[in-house]
Number of protein chains: 2
Amino acid sequence: MKKNIRQGNQDFNMTEFQPAKGTRDIAPEEMRKLLFVFDACRKVFEKYGFAPLETPAFENFELLAAKGGEGVKDEIYFFRDKGGRDLGLRFDLTVGLARFVANNPNMQKPFKRYAFGKVWRYDNPQAMRWREFYQLDIDTIGSPQVEADVECLACFCECLDKLGIKNYYIRVNNRNLLKTFLISKGAQEKNLDDWFRIIDKLDKIGKEGVEKELAEKGFDKKIAKDVVSNLEKVSEEFGKLKNMEGYDEIIRMMELSKIYNISNKLKFDISLVRGLEYYTGLVFEVATRDLKLSLGGGGRYDRMIKSFGGPDLPATGISFGLSRLIQYMDEKNLFVLPAAKKVFVANVDETSKSYAIGVAQKMRSAGIAVETDSMGKKLGKQLEYASAAGIPFVAIAGESEIKLKSVKLRNMKTGKEEMVKIEKLPEMMKEK
Amino acid sequence: MKKNIRQGNQDFNMTEFQPAKGTRDIAPEEMRKLLFVFDACRKVFEKYGFAPLETPAFENFELLAAKGGEGVKDEIYFFRDKGGRDLGLRFDLTVGLARFVANNPNMQKPFKRYAFGKVWRYDNPQAMRWREFYQLDIDTIGSPQVEADVECLACFCECLDKLGIKNYYIRVNNRNLLKTFLISKGAQEKNLDDWFRIIDKLDKIGKEGVEKELAEKGFDKKIAKDVVSNLEKVSEEFGKLKNMEGYDEIIRMMELSKIYNISNKLKFDISLVRGLEYYTGLVFEVATRDLKLSLGGGGRYDRMIKSFGGPDLPATGISFGLSRLIQYMDEKNLFVLPAAKKVFVANVDETSKSYAIGVAQKMRSAGIAVETDSMGKKLGKQLEYASAAGIPFVAIAGESEIKLKSVKLRNMKTGKEEMVKIEKLPEMMKEK
């Protein structure tokens, strides 16, 4: 599989320089986008009182298994350190959070944290997913109230707003409501996990597919048909679910969402399950209307921390679908990143090099991103570099410019040139 | 070693909640500091034309061994994925950079990148060092010129400046100059690695220690004494080294540092080696004058990328000593972080709860970090929470406040209270 490539006057072997299987490099152009999203969200998180927490990249295997089950070993990067300890790379940011909260029982509650970091899953390569990726989460630990859930949702919505994403909606449900609904239709309590698992596939396999799988599982066909054909209707006329367990929470959620001015975004959908078994009540999923991408989701997981052996602490949170969010912003041209470098100050010879650096430093003092030549390139090559690097302005510093305490400023897009006094340059470039 | 702790009405086992051996959680208070440093530095990096690059947390073992040697296996987290591939967690950010550059040979040069991320080393536990820690690096790939080195130094200095760190100096040397100096004194070329390694210990073991180790290595005692006793003098009168290899680069470095206004920070020190074997020329180390902490260092590593089998690309860079930098800033009280949350809007009952959230949202729109109750706490408990969380202001919303479209604003430090109209609150809080 190795391949020798001739580059310049050298042969070298390319496969050695590939990232490890399933991982990838994030080149500057993309990394700037990721940091742009993180920065924008972080500001919002902090306005809502969430604070940053970082937990280790790997955890004791026992802990990971407590959330993911023993079988999780096949789905994670498992290893043993030199002291014989079983470890695994974290597969999400919630396990570390739960451990941290359990380890610090005297912390003020609610504990509201955000986290941004890499997680790792040993996914099947066919899935076309990366085995290393970033997650961005907000969670509130300690509050059993719907107030905490809606606060997370409002915070999430404001993040999307700040990123310029408007055309989305949030499906919400209460798993207890779905449970009561299913039982009212004749499903048996002991089978609810299977019902949930199969209904969760509605988006993927459609109504017929769900009915078929329910039948294959041995459930009564009439009940299955009754349930499936009513999911939409029930979601629309959900007032009729009054008196069912979990209904009040949905109503409270709707009330609170009005105060947060996000009620037009919420859409009750009794079929929303959100796979993971640890959810205990309210669940949410954020999707764009146009491209049908899930931008994130979450819900209540009131029993997880206790199930780890920790204190009995209710919890809720939302995880951003970062890669889809970036994909969406890309497709909709929502990234408004400034040029990474605004001005290249070019020199024409050794003498003007010092002058060029001095000019660059003046602009940097004003906060402008400036590049100078550090390669000893001739003027023509410097201009080529600036052009290829997409730097919008080049300030040329030659003998006559030095005499005039000026630079010749070239707009690389229009080609227009003008002499500009150095003292005026920083202000001028800030405005451009 | 397990210990059962009774917390509330539950018994649970505390050891399970410890982070994996050698790792630690970074709680919000500290994480905010780390992000503060990263944010401040990032702004500076970008002004100097450095762009962010992220490479994977683990690399193929061959690659890690290419930099660290086969023996590196004992010093890193080594593991095998389910496909039988030998992998290792990255031990620094340079290996990934070098691989990325080799893998993208057609990229514009210079390639200037910054990186901030975790690295892992399986250090000896006695060393009292964490096995997981952050690194923050800037590097310039492709330029053989001193301009690139000094640009990195100037960028580093501006970062320290922005962080409020003034009282530091930068030891600089050129390893080629030390080499030529040693040979001029009678050292043999084949022994230079040993000379370097032992002289590198000067800070730790002092002159006598160095002389002793040189003698133990079998080197001529007279030469050793001559070298060691002259290191300081040579450093001070370095004009006498003229004509030696590497001298011109030091001179050019001094010239350029004047333009960048950092010449008063640089201090030539011929004894500076900086351990790692891959350095090929200029080396630098940043230290504070008062606490003798190394805040970072770096230098030229012109042969590393080629030694990996990549193209022949010169390189230089600096790595921040993040944990010591934060330690220094802590000791000198240089962190000027605003309160994580500025206002807590407290409610007195269910009715005023909605009002309180509305008030909070108004302040958030103005960019203020605000918290409301999401636990259903009574007013007294809300005030206790705000006080314990160090929130400087509480805005109390009760029946009479709602009538007056106001809140009762309490300064938690002075205890002073005043009625404030909601419409005036955001502006007022921004100024406080």
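Analyst: A salt bridge is a side-chain nitrogen of Lys or Arg within 4 Å of a carboxyl oxygen of Asp or Glu. Keep that in mind while we read this structure, which is a predicted model.

User: How many salt bridges does a search of the whole structure find?

Analyst: Over all chains, the search finds 82 salt bridges. One example joins the side chains of A:Lys332 and A:Asp290, with 2.9 Å from N to O. A:Lys332 sits in the loop between helix H11 (322-331) and strand E14 (343-347) of chain A, while A:Asp290 sits in the loop between strand E11 (282-288) and strand E12 (294-300) of chain A, so the pair ties together parts that are 42 residues apart in sequence.

User: What do the confidence values say about chain A?

Analyst: In chain A the mean pLDDT is 92, and 95% of the residues reach 70 or more. Residues 1-12 of chain A are another matter, as pLDDT stays under 50 there. For that stretch the model has 29 contacts beyond four places in sequence. The scores for the model are ipTM 0.93 and pTM 0.94.

User: What rotation superposes chain A on chain B?

Analyst: The rotation is 180 degrees, with 0.0 Å of shift along its axis, and the RMSD is 0.0 Å. That is the relation of a two-fold axis. Within chain A, A:Phe79 has the C-alpha nearest the axis, at 2.9 Å from it. The two copies use the same surface, and 100% of the contact residues of chain A recur in chain B.

User: How should I read the packing of two helices, and at what angle do helix H6 and helix H7 of chain B pack?

Analyst: Two packed helices are described by the angle between their axes and the distance between the axes. Helix H6 (residues 192-199) and helix H7 (residues 202-216) of chain B pack at about 140 degrees, and their axes are 8 Å apart. H6(B) is therefore oblique to H7(B). On the H6(B) side the contact is made by B:Trp195, B:Ile198 and B:Ile199, and on the H7(B) side by B:Leu202, B:Val210, B:Glu213 and B:Leu214. Sorted by class, this contact has 6 nonpolar residues, no polar ones and 1 charged.

User: Which residues does B:Arg32 touch?

Analyst: Leaving out residues up to four places away in sequence, B:Arg32 touches A:Pro52 as well as B:Leu337, B:Pro338, B:Ala339 and B:Ala340. B:Arg32 itself is part of helix H1 (residues 28-47) of chain B. For a sense of distance, B:Arg32 and B:Tyr77 are 45 residues apart in sequence and 28 Å apart in space, C-alpha to C-alpha.

User: Is the peptide bond from A:Lys109 to A:Pro110 cis or trans?

Analyst: That bond is cis, with omega near 0 degrees. A:Pro110 is in the loop between helix H3 (94-103) and strand E7 (111-120) of chain A. In chain B, the peptide bond from B:Lys109 to B:Pro110 is cis, again with omega near 0 degrees. B:Pro110 is in the loop between helix H3 (94-103) and strand E7 (111-120) of chain B.

User: Is the phi of A:Asn261 positive or negative?

Analyst: The phi of A:Asn261 is positive, about 65 degrees, although the residue is not a glycine. A:Asn261 is located in the loop between helix H9 (247-259) and strand E10 (266-268) of chain A.

Conventions: Residues are numbered from 1 along each chain as its sequence is written. Chains are lettered from A and ligands numbered from 1 in the order in which they are written. This is a predicted model: local features need pLDDT of at least 70, side-chain atom pairs count only at pLDDT 80 or more; totals for chains, interfaces and linings use all residues. Side-chain values use heavy atoms; hydrogens and water are left out. Copies are superposed by least squares on the C-alpha atoms of residues with pLDDT of at least 70 in both. Contact means heavy atoms within 4.5 Å. pLDDT is the predictor's confidence in each residue, from 0 to 100. Axes are lines fitted to C-alpha atoms, for helices over the stretch in contact, and angles run from 0 to 180 degrees between N-to-C directions. Helices (H or I, at least four residues) and strands (E, at least two) are DSSP runs, numbered from the N terminus. Angles under 35 degrees count as roughly parallel, over 145 as roughly antiparallel, 65 to 115 as roughly perpendicular and the rest as oblique. Ala, Val, Leu, Ile, Met, Phe, Trp, Tyr, Cys and Pro count as nonpolar, Asp, Glu, Lys and Arg as charged, and the others, Gly among them, as polar.
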